Amino acid sequence: MIVLVAAGNHAEAANAGKQQIGASSAAKNCITVGATVSARPNNGKKFAPWIAKPMDPSEVAVFSSRGPTKEGRIKPYVMAPGTAILSTASRALDSRSDRRVEYGICLDDDWMFMSGTSMLTPLVAGCVASLRQAVRSKGVQAPSAALSKALLINGTIDIQESADKGKSTSSTPAAPNGLQGFGRVQMSQSMAALSTTPGCGFIDAGD
């Protein structure tokens, strides 16, 4: 079993301090996922179609909880876009509810925009499932959770660019760190270890 947990959205909370990872997202072996902004036009939280230029998915979302854990372990592990995500809307939510437009306006009542680390965690869970299936296609019928986690992390992109976006400084060391973990998920690079390209390969040593 592979467990993924959203890092949380507490970076802007009052008295948040420099470390906000806690509760379930601090669990030792789960894959804790933090948020970057998405390429869809947004103001860092809401869908903003009036913004002409694409956003930079290498920028850590302002709300995404930062690590490390209180005892110094690296969390989050990986990042993925988590702002202005278009998702299905609950039919129990009134079409006139302010919640429908909190993160941007969608003209289709079956859909709504949302932002947060819980919006991207299912995306990364799908990436992990795809990696596991790809390993099975290579003849390993029961891949360990450790292998799937390692493949995911191995393919990440270092997104460090500035103190808030991730650049290595005296206060923000090089990745992996409490801002971006190991980096943003990049499936093409994670899958590379499963290819027949010379120098690529994997060994499943178990959990």
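This is a predicted model: local features need pLDDT of at least 70, side-chain atom pairs count only at pLDDT 80 or more; totals for chains, interfaces and linings use all residues.
Local features need pLDDT of at least 70, side-chain atom pairs count only at pLDDT 80 or more, and totals for chains, interfaces and linings use all residues. Residues are numbered from 1 along each chain as its sequence is written, and side-chain values use heavy atoms, without hydrogens or water.

**View 1. Phe47 and Phe113 form a stacked aromatic pair.** Rings of Phe, Tyr and Trp (its six-membered ring) pair if their centres lie within 6.5 Å; planes under 30 degrees apart are stacked, over 60 edge-to-face, the rest tilted. Phe47 sits in the loop between β2 (31-36) and β3 (78-81) and Phe113 in strand β5 (residues 111-114), so the pair ties together parts 66 residues apart in sequence. Strands are DSSP runs (E, at least two residues) and helices likewise (H or I, at least four), numbered from the N terminus. Phe47 is buried at 18% relative accessibility. Phe113 is buried at 5%. Buried means under 20% relative accessible area, exposed over 50%, partly exposed in between (1.4 Å probe, protein chains only).

**View 2. Tyr77 and Phe182 form a tilted pair.** Their ring centres are 6.3 Å apart and their planes at 40 degrees. Tyr77 lies in the loop between β2 and β3, Phe182 in the loop between α2 (145-154) and α3 (187-192), 105 residues apart. Tyr77 is buried at 13%; Phe182 is partly exposed at 28%.

View 3. Ser190 is buried, with 0% relative accessible area. Beyond neighbours within four places in sequence, Ser190 contacts (heavy atoms within 4.5 Å) Leu131, Leu151, Leu152 and Gly155.
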